[in-house]
Amino acid sequence: MKFFLTIILLLACTTSQKSDTNNTKTTDLPEETAKTTVTTNPAVADKTAESNQPKDSLSATARSMEKQGMVNVKSVDPTIEVSLMYSRPDNFTGQVLYDDLREGYLHPKAAKALAIAQRRLHELRPDLSLIIFDATRPISIQRKMWNVVKDTPKYFYVSNPDRGGGMHNYGMAVDISICRVGGDTIPMGATVDFMGDLSHIDKEDQLVKSHRMTKEAQANRQLLREVMAAGGFMPLRTEWWHFNLCTRKEAKAHYKLIK
């Protein structure tokens, strides 16, 4: 009887040691690896899913953009926020101009340059992100915009489609601002799409002196210009939110007009 009890006790100890060894292998994972294996960031997962959107679920405008060589910015950098202002009526036209477009598309060169700008912003301010309000714009949409301003004093804010359109129509321009990660935009002194002196970057010093713009807003604009310059983008004098990757002459010579 004692012999059989001894055998049973030995088997129990062996099983216990194997169990402890297995538990040790699980809990002794490096902290970073353990977190990666157990948790997933829902925000990143959502953005990854958005950037990998199936082709057959794309809108007609999105498919047209891709056929013409444009890329979804989210496929290059899923951390860049997108909120197309012409997909809503709260823009200078008062109309919804993009019936079926919600994604930001750019020429591949511009998309890569924008990812560099986003990376620079994260280096300076990890709590902030770039947010796109307009990117590649079909020439048909450009014409609708032009028709709103062509006979008004604000005509110079919109490029004439009969003269080759603007940089948006080549996928080489972006209307952009800065927002808090997962939050609202930061103060810029004037809303995106505001057509007036408050939007002119060459009048900022005067606007601050006259108390029409805060120093905080001017500093935020300077931050935007700094990070966009890191990606090779050039600002537009009359619109603090508008940036071009090349000149109009270069765009007309080397890039296709987006229909």
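Two strands pair if DSSP finds at least two bridges between them. With that in mind, welcome to this predicted model. Strand S4 (residues 128-134) and strand S5 (residues 173-180) are joined by 6 bridges and run antiparallel.

S4 and S5 belong to an open sheet of 5 strands, with the order S2-S4-S5-S7-S6 and mixed pairing. At its edges are strand S2 (81-82) and strand S6 (234-236), each of which pairs on one side only. In general, strands of a sheet pair through backbone hydrogen bonds, either parallel or antiparallel.

Now for the helices that pack on this sheet. H6 touches S4 and S5, and its direction makes about 145 degrees with that of S4. Helix H9 (residues 215-230) also packs on the sheet, where it touches S4, S5, S6 and strand S7 (239-244). The direction of H9 makes about 125 degrees with that of S5.

**The nonpolar core**

Which residues have the most contacts inside the largest nonpolar core? They are Leu114, Leu130 and Met228, in a core of 64 residues. Helix H6 (residues 108-124) gives the most to this core, with 6 residues.

Leaving aside neighbours within four places in sequence, Met228 is in contact with Leu114, Ala117, Leu130, Val174, Ile176, Phe233 and Phe243. Two of these partners, Leu114 and Leu130, are named with Met228 among the residues with the most contacts inside the core.

The table gathers three residues and their relative accessibility.

| Residue | Relative accessibility | Class |
|---|---|---|
| Cys179 | 1% | buried |
| His200 | 5% | buried |
| Cys246 | 8% | buried |

Why does Cys179 count as buried? Its relative accessibility is 1%, and buried means under 20%, so Cys179 falls in that class. Cys246, at 8%, is buried because its value is also under 20%. As for disulfides, the count comes to 0. A disulfide is a covalent bond between the sulfur atoms of two cysteines.

**A closer look at His200**

Where is His200 placed? His200 lies in the loop between S5 and helix H8 (204-209). Although it is in a loop, His200 counts as buried, at 5% relative accessibility. Its side chain makes a polar contact with the side chain of Tyr157 (2.8 Å). Beyond neighbours within four places in sequence, His200 is in contact with Tyr157, Leu207, Arg221, Arg237 and Thr238.

Terms used: Residues numbered from 1 in each chain as written. Predicted model: local features only at pLDDT ≥ 70, side-chain atom pairs only at ≥ 80, totals over all residues. Heavy atoms only, no water. Core = buried A, V, L, I, M, F, W, Y, C linked by side-chain atoms within 4.5 Å. Buried < 20%, exposed > 50% of the residue type's maximum accessible area, 1.4 Å probe, protein only. Helix = DSSP H or I, 4+ residues; strand = E, 2+ residues; numbered from the N terminus. Contact = heavy atoms within 4.5 Å. Disulfide = S-S within 2.5 Å. Axes fitted to C-alpha atoms, helices over the stretch in contact; angles between N-to-C directions. Polar contact = N/O pair within 3.5 Å; in protein donor to acceptor, adjacent residues only side chain to side chain.
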